[in-house]
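Thank you for asking me to look over this model. My comments are set out as numbered points, to be read beside the sequence and the coordinates.

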Amino acid sequence: MGIFDGLLGSRAADFDSGNAATNAIELTKRHHQVSLTKQGAATGNLRVNLTWRMRTSDIGGPQRESLLRHPFKALRPPEVVGHSQSMVNVDLDLGCLYELADGTKGVVQPLGGLLGDVNAAPYVKLSGDDRFGSASGETMYVNLDHREQIKRLLVFVYIYDQTPAFDRTHAIVTLYPSNGPRIEIGLDERHPQARSCAVVMIENVKDELMVRREVRFVYGFQAELDRLYGWGLQWGRGYKTKVEK
């Protein structure tokens, strides 16, 4: 604990207020949790969004070199440049390990078509699978009107294909509560060999719904996250269907 940590008051200890102009709370290592209950945001649908893009340093270098040899490439629309082969090869997915109050455990993720249900258990639903890092990203909904049935939710991000690439991407997971500011967790730490990352834990603690930053990178997939957080599920190899052309 830093010398000033205890002098900032309970409000500052809960979270970083972030940029007032953007109305966002940024969870960091120092200020790593926030109470949705105290924010008056423990009802309605909590929207969880994953967006990502290639790091500028990775795109800019090769692109500048290629422009020297092929100057007309500068006339290509940015969308075409942005979705070059190097970007398409990186496929980040959003998932969620859930444990309900009755002991039911499972996972919501694109693999296996386990998209969940927002109006019935597990009260978590994934809207779809973004394979190309589009502006809208991937979105998951959590029905907090059933928060009494939810014990804990671990939101995680993993790389589907065989190429670890967290060091080449800039990813942000953003939580949009029904009330109050959004909550942002950036995945900016460089872990070149990591394939998965536990991003944030949403936990019901004595009837208070807490959001806690995790950002723990692992070198395996969901099974390793399971062992790390003690979920106790059985895992097998999963595959996606091919993208329709």
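The points below go from the model as a whole to single residues.

1. Basis of the note. This is a predicted model, in which local features need pLDDT of at least 70 and side-chain atom pairs count only at pLDDT 80 or more, while totals for chains, interfaces and linings use all residues. Residues are numbered from 1 along each chain as its sequence is written, and side-chain values use heavy atoms, with hydrogens and water left out.

2. Confidence. The average pLDDT of the chain (the predictor's confidence in each residue, from 0 to 100) is 77, and 67% of the residues score at least 70. Residues 58-68 have a pLDDT below 50, and beyond near neighbours in sequence this stretch has 8 contacts in the model, a contact being heavy atoms within 4.5 Å. Residues 129-135 also have a pLDDT below 50, with 25 contacts in the model beyond near neighbours in sequence.

3. Overall make-up. The chain has 5 helices and 13 strands; helices (H or I, at least four residues) and strands (E, at least two) are DSSP runs, numbered from the N terminus. Of its 245 residues, 42% count as buried, where buried means under 20% relative accessible area, exposed over 50% and partly exposed in between, with a 1.4 Å probe and protein chains only. Among contacts with a separation of 6 or more, 68% are accounted for by residues 24 or more positions apart.

4. Strand 9 and its partners. In strand 9 (residues 150-159), 9 of the 10 residues are buried. Strand 9 pairs in the antiparallel sense with strand 4 (residues 92-100) over 9 bridges, pairing here requiring that DSSP finds at least two bridges between two strands. Within this pairing, Leu-153 is the bridge partner of Tyr-98. Strand 12 (residues 196-205) is also antiparallel to strand 9, the two being joined by 7 bridges, and Val-155 has Val-200 as its bridge partner there.

5. Is Phe-156 buried or exposed? Phe-156, which is found in strand 9, is buried, with a relative accessible area of 0%. Not counting residues up to four places away in sequence, the residues that Phe-156 touches include Leu-94, Cys-96, Val-107, Cys-197, Val-199, Gln-222 and Leu-225. Although Phe-156 and Val-200 are 44 residues apart along the chain, their C-alpha atoms are separated by 7.1 Å.

6. Helix 5. Which residues of helix 5 are buried? In this helix (residues 222-229) they are Gln-222, Leu-225, Asp-226 and Tyr-229. Seen down the helix axis, these buried residues fall within an arc of 105 degrees, so they line one face of helix 5; the arc is that of the directions from the helix axis to the C-beta atoms. Their cover includes strand 4, strand 9, strand 12 and strand 13 (208-218). Just after helix 5, Gly-230 takes a positive phi of about 65 degrees.

7. An open sheet with mixed pairing is formed by 7 strands in the order 1-11-10-3-8-7-6. Strand 1 (24-26) and strand 6 (116-117) are its edge strands, each pairing on one side only. Strand 7 (residues 124-126) and strand 8 (residues 138-143) run antiparallel and are joined by 3 bridges, with Lys-125 opposite Tyr-141 in strand 8.

8. Nonpolar cores. The largest nonpolar core has 44 residues, and those with the most contacts inside it are Val-48, Val-157, Phe-166, Leu-175 and Leu-187; such a core is a set of buried Ala, Val, Leu, Ile, Met, Phe, Trp, Tyr and Cys residues joined through side-chain atoms within 4.5 Å. Apart from it lies another core, of 12 residues, among them Tyr-158, Leu-225, Tyr-229 and Trp-231.

9. Backbone geometry to inspect. Most residues other than glycine have a negative phi, and most peptide bonds are trans. The peptide bond from Ala-121 to Pro-122 is cis, with omega near 15 degrees, and Pro-122 lies in the loop between strand 6 and strand 7. Tyr-123 lies in the loop between strand 6 and strand 7 as well; this residue is not a glycine, yet has a positive phi of about 65 degrees, and Tyr-123 is buried at a relative accessible area of 13%. Val-215, in strand 13, has a positive phi near 45 degrees and counts as buried at 7% relative accessibility.
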